[in-house]
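Subject: Handing over the two-chain model

Hi,

Here is the structure I promised to pass on.

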Amino acid sequence: MQHHKELDASGLTCPLPIIRTKKAMLGLRPGEVLRMVSTDPRAPQDIARLMAQSGDSVLRQLSENGKFVSYLRKT
Amino acid sequence: MMDAMGPAPMVLWGGLALSLVFGAVAGKSDFCIMGAVSDAAVLGDWRRVRSWALTVTVAMFGAHLLHHAGFIDLSRSVYQRPLLPWLSLLLGGAVFGVGMTIAGGCPNKNLLRLGGGSIRSLVVLVFLGLVAYMTLKGVLAPWRAGYLDTVAMDLSALGLANQSLATALTRLTGMPGQTALLVTIGVIGFCLLAAIFKDPDFRRDPGQVAAAVVLGLLVAAGWYLTGHLGYAENPDTLEDVYFATNSRTLESLSFVAPTAYSLELLMLWTDKSLHATFGIVSVIGIVLGSFVVARAQGQFHWEGFASLQDLRNHLLGAALMGFGGVTAGGCTIGQGLSGLSTLALGSMLAVAGIVAGSVATMKWLER
């Protein structure tokens, strides 16, 4: 999936992945996509809640080589 | 069998059993006080705060029921001592809160992660234990005891025998002690339960509700174990003493000082004056409980540091938690569950410090 920015939060634990994602989303323009990678098993559900709170959207979430990858679009 | 077993083995085996269950339930339900603070501060989601509050409420009811029935004497716990070192509680709590946010979890969370295979958490716990020991008895102890702990309020000068809110109510209203106790836990319990179950999402999550109730009961069980079953006559001195606790009085779950005492016991094993305690076996039990759950769910995996910066952050966080946890008289579990269950004013100050330190760090990281 095409993306405009990547955030690798591998190895980081709660609350850092969610805080870094929040900051990264603020740097995007509407319509742009962030690819976020994390090893924290809680990250996908926390990111989904963050997107619900901010009004941005989760395009796709998948597991890749033991990592959790989320594609997030700024609205 | 209980009669045949002496008070010390009973406290140790009982402590291991209840902490093992605590570790299993906390691991399975993802119970995490730092996570609760983070959810509320960053996501505006208060469900895990509700879970924490329900655990405290159940622990408070359980502990005070035992106290009211005469099984234990909560006023003898370290949390209710009449000297209130408010600066240590607030500052230590805030330093602990900064540390747990930088290190990505409090000591309890790191014990749970260790059970799941995190070598990173092992390093955090060893470093935390070292700094905690330095703060208890080492190079930082004179500074803590001489400059921070001396800034204290003597509640006995105000006519208060201990830090309990119920004692304060008695002093203010002249109400008999037992009545004041029932009124205090009744009013606080009702307000907390109303706030907790106001959220329909939380009400519809029986797993979280059940986990919080079990964890709260385990904190109360800790009080019963050390304060009743472990309180007996010492055959050498013929005095009634609390067996197998580091504080030499009744205790429930707490993890900063016990991590330090675990290291002390391991390093000075041949010193016959040192023994296993409720706190030490609790540290082991949490890891074992978490390990069992991680293996059963197929989630056990070895985990290390991601980078040098990751190592640096975790060591800094561990050091702050070690110093802050000892200075504040407990961690998120020691003050945030066991202490709050006694309704001690000092525990409320320490928890306020922990939350303030954690939220301030999150906001700083969000910049």
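Predicted model: local features only at pLDDT ≥ 70, side-chain atom pairs only at ≥ 80, totals over all residues.

Below is what I found in it, chain by chain and then feature by feature.

**Chain A**

Chain A carries two helices and four strands. Going along the sequence, the order is β-α-β-α-β-β. Its radius of gyration is 11 Å, close to the 11 Å that the globule rule gives for 75 residues, so chain A is as compact as a globular protein of that length. If you want box dimensions, the C-alpha atoms fill roughly 30 × 25 × 15 Å along the principal axes.

One backbone detail to look at here is a cis peptide bond, running from A:Cys14 to A:Pro15, with omega near 10 degrees. A:Pro15 sits in the loop that links strand E1 (5–9) to helix H1 (16–26) of chain A.

**Chain B**

Chain B has 16 helices and four strands. The C-alpha trace spans about 60 × 55 × 45 Å along its principal axes.

B:Leu343 has phi near 60 degrees, and its place is the loop between helix H15 (334–341) and helix H16 (345–366) of chain B. B:Asp30 has a phi of about 60 degrees and lies in the loop between H1 and helix H2 (33–43) of chain B.

**A helix pair in chain B**

How do H6(B) and H14(B) pack? Helix H6 (residues 119–136) and helix H14 (residues 308–327) of chain B meet at an angle of about 35 degrees, and their axes are 7 Å apart. The crossing is right-handed. On the H6(B) side the contact includes B:Val123, B:Phe127, B:Leu128 and B:Val131; on the H14(B) side, B:Leu315, B:Ala318, B:Met321 and B:Phe323 are among the residues met. Sorted by type, the residues of this contact come to 13 nonpolar, four polar and two charged.

**The second largest pocket**

This may be the part you care about. The second largest pocket has a volume of about 1100 Å³.

Several helices each supply at least two residues of the lining: helix H2 (43–54) of chain A, and from chain B helix H1 (7–29), helix H3 (47–68), helix H5 (107–115) and helix H13 (278–296). H1(B) gives the largest share, four residues. By type, the lining divides into ten nonpolar, 13 polar and 13 charged residues.

**One last residue**

B:Thr167 belongs to helix H8 (residues 165–173) of chain B. Leaving out residues up to four places away in sequence, B:Thr167 touches B:Leu160, B:Ala161 and B:Asn162. As for B:Phe96, that residue is 71 residues from B:Thr167 in sequence and 28 Å away in space, C-alpha to C-alpha.

Over to you!

Cheers

Terms used
Residues numbered from 1 in each chain as written. Chains lettered and ligands numbered in written order. Heavy atoms only, no water. Axes fitted to C-alpha atoms, helices over the stretch in contact; angles between N-to-C directions. Left-handed = near helix turned anticlockwise from the far one by under 90°. Contact = heavy atoms within 4.5 Å. Nonpolar A, V, L, I, M, F, W, Y, C, P; charged D, E, K, R; others polar. 1 Å grid on protein atoms, 1.4 Å probe; cavity = no way out; pocket = protein on both sides within 12 Å on 5 of 7 lines; lining within 4 Å. Points joined across faces, edges and corners; volume = space filled by probe spheres on them. Rg over C-alpha atoms; globule rule 2.2 N^0.38 Å.
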